[in-house]
Amino acid sequence: MANHKHKKRFGQNFLNNDRIIQQIIAAIAPKSDQHLVEIGPGEAALTQPLLEQVAHLDIIEIDNDLIQPLTQKLGHYPAFHLHHTDALSFDYGLLKTPSSPALRIVGNLPYNISSPLLFHLMNYAESIEDMHFMLQKEVVERITAQPGVKTYGRLSVMLQYACDVEYLLTVGPENFNPQPKVDSAIIRLRPYQKKPVQAEDEKAFADLVRQAFSQKRKTLRNNLKGWLSIPQIEQCNINPASRAETLTVADFVCLANHYHNLSL
């Protein structure tokens with residue numbers, strides 16, 4: 001796979017530092033009886049160590065030119081199961097089995113698909129034990145940001161509603177081939193079995209969060225006009241003159257539940 005031509009359209013930047021690879025494997029801490037899924041194996045920097053430790057590894061790869069090299073290099077491992085498909089449209093529910101209902105998902109995600117892929121994976125949260133991803137550092141900072149921080153936004157709220165999120169490690173450009181122009185970071189996401197706060201209608205919650213952040217400089221009073229009145233916003237102990245980036249996940253759930261109840 002050393003001769004593989006890296007493709008910009010797939011956002012391919014392959015990890016090549018053994019020390020970082022071992023740190024990632026240690027963070028994942030795979031057990032032999034667990035069912036792992038790797039998205040975008042690239043040149044198999046993480047794939048081979050995982051295959052040596054687990055009984056079942058489903059590998060999702062879209063690049064035609066990597067299918068044969070991956071199969072030639074790793075196909076002899078009993079755990080190896082390669083799916084030539086697009087991770088953005090793949091049905092991860094198909095991977096569940098009675099013996100391994102919980103999936104552990106890992107991957108060095110291309111920068112250009114990371115956010116839509118994370119939202120896609122949230123559709124399967126009940127089937128996922130945890131996820132360990134290498135992402136652009138800026139994206140990890142957005143996911144883990146707290147209210148009041150400039151990077152806090154829709155992605156922060158939606159993923160923190162669904163998951164416990166943890167920033168694990170920063171990885172510089174020199175650890176990749178080709179070198180990206182930005183830092184990367186490793187994040188751990190654990191979908192909640194029981195969410196700390198529960199939206200009565202999760203679609204209404206997602207819609208309201210999107211609307212609240214639709215114009216970040218505007219206040220809730222303006223962004224939620226036609227959704228909730230000023231008194232209804234105040235019922236959640238929220239100042240209608242506040243901006244969305246100052247609200248907690250629980251605040252958004254309260255607003256969404258008020259909105260949902262209005263439509264009943």
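Predicted model: local features only at pLDDT ≥ 70, side-chain atom pairs only at ≥ 80, totals over all residues.
## A walk through the chain, starting at a loop

S127 sits in the loop between α4 and β6. S127 counts as buried because its relative accessibility is 10%, and the cut-off for buried is under 20%. What does S127 touch, once its neighbours within four places in sequence are left aside? The partners are K96, P101, A102 and L103.

Now step back and look at the whole chain. It has 10 helices and 9 strands, and its C-alpha atoms fill a box of roughly 65 × 45 × 30 Å along the principal axes. For 264 residues, a compact globule would have a radius of gyration near 18 Å; the chain comes out at 20 Å, which agrees. The accessible surface of the chain is about 12,800 Å², and carbon and sulfur atoms hold 48% of that. As for how the chain meets itself, take the contacts with a separation of 6 or more: 64% of them are between residues 24 or more positions apart.

Back to β6, the strand on one side of the loop that holds S127. β6 (128–136) also takes part in the lining of the largest cavity, where β6 and β5 (103–108) each supply at least two residues. The largest share comes from β6, with 3 residues. The structure holds 1 cavity of 30 Å³ or more, and the largest cavity has a volume of about 40 Å³. Which residues line the largest cavity? They are I24, L46, G107, N108, H132, F133, M134 and I186. Sorted by class, that lining has 5 nonpolar and 3 polar residues, with no charged ones.

The largest pocket is another matter, with a volume of about 530 Å³. Of the 20 residues lining this pocket, M122, N123, A162, K195 and E202 are the closest to its centre. Two elements give two or more residues to the lining, namely α6 (154–162) and α7 (202–212). Charged residues do show up here: the pocket lining divides into 11 nonpolar, 3 polar and 6 charged.

α6 is mostly covered, with 8 of its 9 residues buried. The buried set runs through L155, S156, V157, M158, L159, Q160, Y161 and A162. A162 is also one of the residues closest to the centre of the largest pocket. What do the buried residues of α6 pack against? On the helix side, the answer includes α4 (114–121), α5 (137–144), α7 and α10 (249–262); on the strand side, it includes β7 (163–171) and β9 (184–191).

In α7, pick out Q211. Q211 is partly exposed, because its relative accessible area is 24%. Apart from neighbours within four places in sequence, Q211 is in contact with N223, L224 and W227. For a sense of scale, Q211 and L51 are 160 residues apart in sequence, and their C-alpha atoms are 43 Å apart in space.

Further along is I230, in helix α9 (residues 230–234). With a relative accessible area of 36%, I230 is partly exposed. Leaving out neighbours within four places in sequence, I230 is in contact with R221 and P240. I230 and P240 are 10 residues apart in sequence and 6.1 Å apart in space, C-alpha to C-alpha.

Most residues other than glycine have a negative phi. A29, though, has a positive phi near 50 degrees, and its place is in the loop between α1 (18–28) and β2 (35–39). A44 is not a glycine either, yet has a positive phi of about 70 degrees; A44 lies in the loop between β2 and α2 (47–51). Are these two alanines buried or exposed, wholly or in part? A29 counts as partly exposed, because its relative accessibility is 32%. A44 is buried, with a relative accessible area of 3%.

Notes
Residues numbered from 1 in each chain as written. Heavy atoms only, no water. 1 Å grid on protein atoms, 1.4 Å probe; cavity = no way out; pocket = protein on both sides within 12 Å on 5 of 7 lines; lining within 4 Å. Points joined across faces, edges and corners; volume = space filled by probe spheres on them. Helix = DSSP H or I, 4+ residues; strand = E, 2+ residues; numbered from the N terminus. Nonpolar A, V, L, I, M, F, W, Y, C, P; charged D, E, K, R; others polar. Rg over C-alpha atoms; globule rule 2.2 N^0.38 Å. Contact = heavy atoms within 4.5 Å. Areas by Shrake-Rupley, 256 points an atom, 1.4 Å probe, with all protein chains shown as cover. Buried < 20%, exposed > 50% of the residue type's maximum accessible area, 1.4 Å probe, protein only.
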